[in-house]
Amino acid sequence: EAAGAWRADLAGRHLVVSAGGTREPLDPVRFLGNHSSGKQGYALARAALARGARVTLVSANSALPDPAGAEVIRVGTAAELAAAVTKAAADADAVVMAAAVADFRPAARAQNKIKKVEGRDPEPIALVRNPDILAGLAAARRPGQVVAGFAAETEDVLANGRAKLARKGCDLLVVNRVGEGLAFGTEENEAVILEAGGPQTHVPRGPKEVLAHRIWDAVLRRLGGAPA
Ligand code: CTP
Ligand code: CA
């Protein structure tokens, strides 16, 4: 939809969006990954650009075309995404973490391709936790900076979403209802935008572009005032 496209209400703002899904290498040819397409993050970037913002898009392994006018930083792993987003966040008015970040990575990365050995079971793969990028951004945010995240939930969407919002310490959490052909890789999304200490906005099933505009509306409300 074109909603918002005619008003440059994000002009003068620097907005950072992460998109796609991280990949954690196991050896030179294999990784632990996820099915995130990057569509929601890219829709956020395009919507912000249409409303006049300067946009940094940190893109993890997405095949989508660069949005015209965005600064696109391509990353692979969660550690690379953390470094790029943290750097871009330094002078950002808002950061939206739409990327699907791997919670775990292989404890070791084999230097050579892992080979199978006849008559022997494979070695188990030891995993270690990745740092929580969103929680880190929220803890380090400057006064007035808005930090938003996403959560995909299959059950008790509102209760799980509120608990996650509190745990992450961020300003906004966009909770996706997943399952039944929703979200991953599809063109449409249904979500609830939860605000810390504030209202929740239900966005009915529709194009990711529409949800993107509603998210920026909520970010802008919390930013308040004119850009610095
Ligand atoms: N996220 C992050 N760093 C991580 C994991 C997640 O920044 N290591 C961000 C995601 O980009 C998303 C939000 O946190 O914006 C929520 O991700 P989700 O996987 O729903 O949250 P988790 O805390 O990992 O909870 P769960 O155990 O349900 O996966
Ligand atoms: Ca997770």
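Author: Two strands count as paired if DSSP finds at least two bridges between them. Keep that in mind as we walk through this predicted model.

Reader: Which residue of β6 is the bridge partner of S18?
Author: Strand β1 covers residues 14–20, and S18 has its bridge partner in β6. β1 and β6 pair in the parallel sense over 4 bridges. The partner of S18 is M97.

Reader: In the open sheet of 8 strands, which strands stand at the edges?
Author: Let's read the order across the sheet, which is β5-β4-β1-β6-β9-β10-β11-β12, with mixed pairing. The two edge strands each have a single partner strand, so one side of each is left without a neighbour in the sheet. Neighbouring strands are turned by 20 degrees against each other on average, direction ignored. The edge strands are β5 (71–75) and β12 (200–207).

Reader: Which helix packs on the sheet and touches β1, β4, β5 and β6?
Author: Good one to look for in the structure! The direction of this helix makes about 170 degrees with that of β4 (54–60). Helix α5 (residues 208–223) also packs on the sheet, but its contacts are with β6, β9, β10, β11 and β12. The helix you asked about is α2.

Reader: How many residues lie between β2 and β3 in their hairpin?
Author: Strand β2 (residues 24–27) and strand β3 (residues 30–32) run antiparallel and are joined by 3 bridges. One of the bridge pairs is P25 with F31. Between the two strands of the hairpin there are 2 residues.

Reader: Why do the buried residues of α3 line one face of the helix?
Author: In α3, the buried residues are I133, L134, L137 and A138. An α-helix has 3.6 residues a turn, so residues three or four places apart point the same way. The face turned away from the buried side carries the exposed residues A139 and A140. Seen down the axis of α3, the buried residues line one face because they fall within an arc of 135 degrees.

Reader: What covers the buried residues of α3?
Author: Both helices and strands take part in the cover. It includes α2 (78–89), β6 (94–97), β9 and α4 (157–168).

Reader: Which element supplies the largest share of the shell around ligand 1?
Author: Among the 13 residues around ligand 1, M97, V101, I133, L134 and G149 come nearest. The shell divides into 9 nonpolar, 2 polar and 2 charged residues. Both α3 (133–140) and β9 (146–153) supply at least two of its residues. The largest share, 4 residues, comes from β9.

Methods: Residues are numbered from 1 along each chain as its sequence is written. Chains are lettered from A and ligands numbered from 1 in the order in which they are written. This is a predicted model: local features need pLDDT of at least 70, side-chain atom pairs count only at pLDDT 80 or more; totals for chains, interfaces and linings use all residues. A residue is near a molecule or strand if its C-beta atom, placed from the backbone, lies within 6 Å of it. Ala, Val, Leu, Ile, Met, Phe, Trp, Tyr, Cys and Pro count as nonpolar, Asp, Glu, Lys and Arg as charged, and the others, Gly among them, as polar. A residue is buried if 20 or more other C-beta atoms lie within 10 Å of its own, exposed if 12 or fewer, and partly exposed in between; C-beta atoms are placed from the backbone. The arc is that of the directions from the helix axis to the C-beta atoms. Two residues are in contact if their C-beta atoms, placed from the backbone, lie within 7 Å. Axes are lines fitted to C-alpha atoms, for helices over the stretch in contact, and angles run from 0 to 180 degrees between N-to-C directions.
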